[in-house]
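These are my notebook entries on a single protein chain. I set down what I looked up, entry by entry.

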Amino acid sequence: MKAFLLIISLFALSLAAPTVPTINLSLSAPDTPSQLVTSLNVLIILTLLALAPSLIFMMTSFLRIIIVFSFLRQAMGTQQMPPTNVLISLALILSFFIMEPVGKASYEAGIKPYLEEKIGYEEAFELSAKPFKEFMVRNTREKDLALFYRIRGLENPATIDDIPLSIAMPAFVVSELKTAFEIAFLLYLPF
């Protein structure tokens, strides 16, 4: 019945509107540099939205918290209590609490000046990534960082600024996994 009403209303609207607007989804070369920049910005935003869950895992303490919560649930002998959705929500809230100062520093350093058009896109990325990189390096074991430098065949960095994100992120994830399993093991033993 609802489908029939929908079809009738669409038919009535098509009779009432003399012309139906068209949508052009063709691809063409940009006429001006600003069109190219706009297209690339949309592409970058869509890519970041698609990668957002992965970035939450790789650049925050979420992974450590959710692993500890999962082991704690197993240690208590409850298979589904509290539910996984509750554990993920708690881990997200705690990750937000832990990462809030880092996010604010990132916004103030890179995003805000970029939105005010004081700095360019590349500089904004570098400045907004720096607080996250400092957080990750501060919470990464030196052994794990050195492992990824050895894998790449690079010399050890002199400062935090010399560490690329492509090394800081995997080293941080490995370090978070090790720390999470150590905490979970220590919590599992008393139960």
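**Entry 1: burial in helix α4.** I call a residue buried when its relative accessible area is under 20%. The model I am reading is predicted. With that cut-off I listed the buried residues of α4: Leu-87, Ala-91, Ser-95, Met-99, Val-102, Ser-106, Gly-110 and Pro-113.

**Entry 2: the course of helix α4.** I next compared the span of α4 with that of a straight helix. Helix α4 covers residues 84-115, and a straight helix of 32 residues would span 46 Å. Between its end C-alpha atoms, however, α4 spans only 38 Å. I then asked where a kink lies in α4. I found a kink of about 50 degrees at Met-99, shortly before the proline Pro-101. Met-99 is also one of the buried residues of this helix. Just after α4, I noted that Glu-117 has a positive phi of about 60 degrees.

**Entry 3: nonpolar cores.** I looked up the largest nonpolar core, which has 18 residues. Phe-135, Met-136, Leu-145 and Ile-163 are the members that touch the most other members. Two or more residues come from each of α4, α5 (121-138), α6 (142-152) and α7. Which element gives the largest share of this core? It is α7, with six residues.

Leaving aside residues up to four places away in sequence, Met-136 touches Met-58, Met-59, Leu-165, Ala-168, Met-169 and Phe-172. I also recorded a second, separate core of 11 residues, with Leu-63, Ile-65, Ile-67 and Phe-69 among them.

**Entry 4: aromatic pairs.** I counted ring pairs with centres within 6.5 Å, and the count came to two. One of them joins Phe-71 and Phe-181, whose ring centres are 5.4 Å apart. Why is this pair edge-to-face? The planes stand at 85 degrees, and planes over 60 degrees apart count as edge-to-face. The pair links distant parts of the chain, with Phe-71 in helix α3 (residues 62-75) and Phe-181 in helix α7 (residues 165-188), 110 residues apart.

**Entry 5: confidence.** Finally, I checked how far the model may be read. The chain has a mean pLDDT of 76, and 79% of its residues reach 70 or more. Over residues 1-17 pLDDT stays under 50, and the model has zero contacts there beyond four places in sequence. Where pLDDT is low, predicted coordinates should not be read in detail.

Definitions and conventions. Residues numbered from 1 in each chain as written. Predicted model: local features only at pLDDT ≥ 70, side-chain atom pairs only at ≥ 80, totals over all residues. Heavy atoms only, no water. Phe/Tyr/Trp six-rings, centres within 6.5 Å; stacked < 30°, edge-to-face > 60°. Helix = DSSP H or I, 4+ residues; strand = E, 2+ residues; numbered from the N terminus. Expected span 1.5 Å × (residues − 1). Bend = angle between axes of the 7 residues up to and from the residue. Buried < 20%, exposed > 50% of the residue type's maximum accessible area, 1.4 Å probe, protein only. Core = buried A, V, L, I, M, F, W, Y, C linked by side-chain atoms within 4.5 Å. Contact = heavy atoms within 4.5 Å. pLDDT = per-residue confidence, 0-100.
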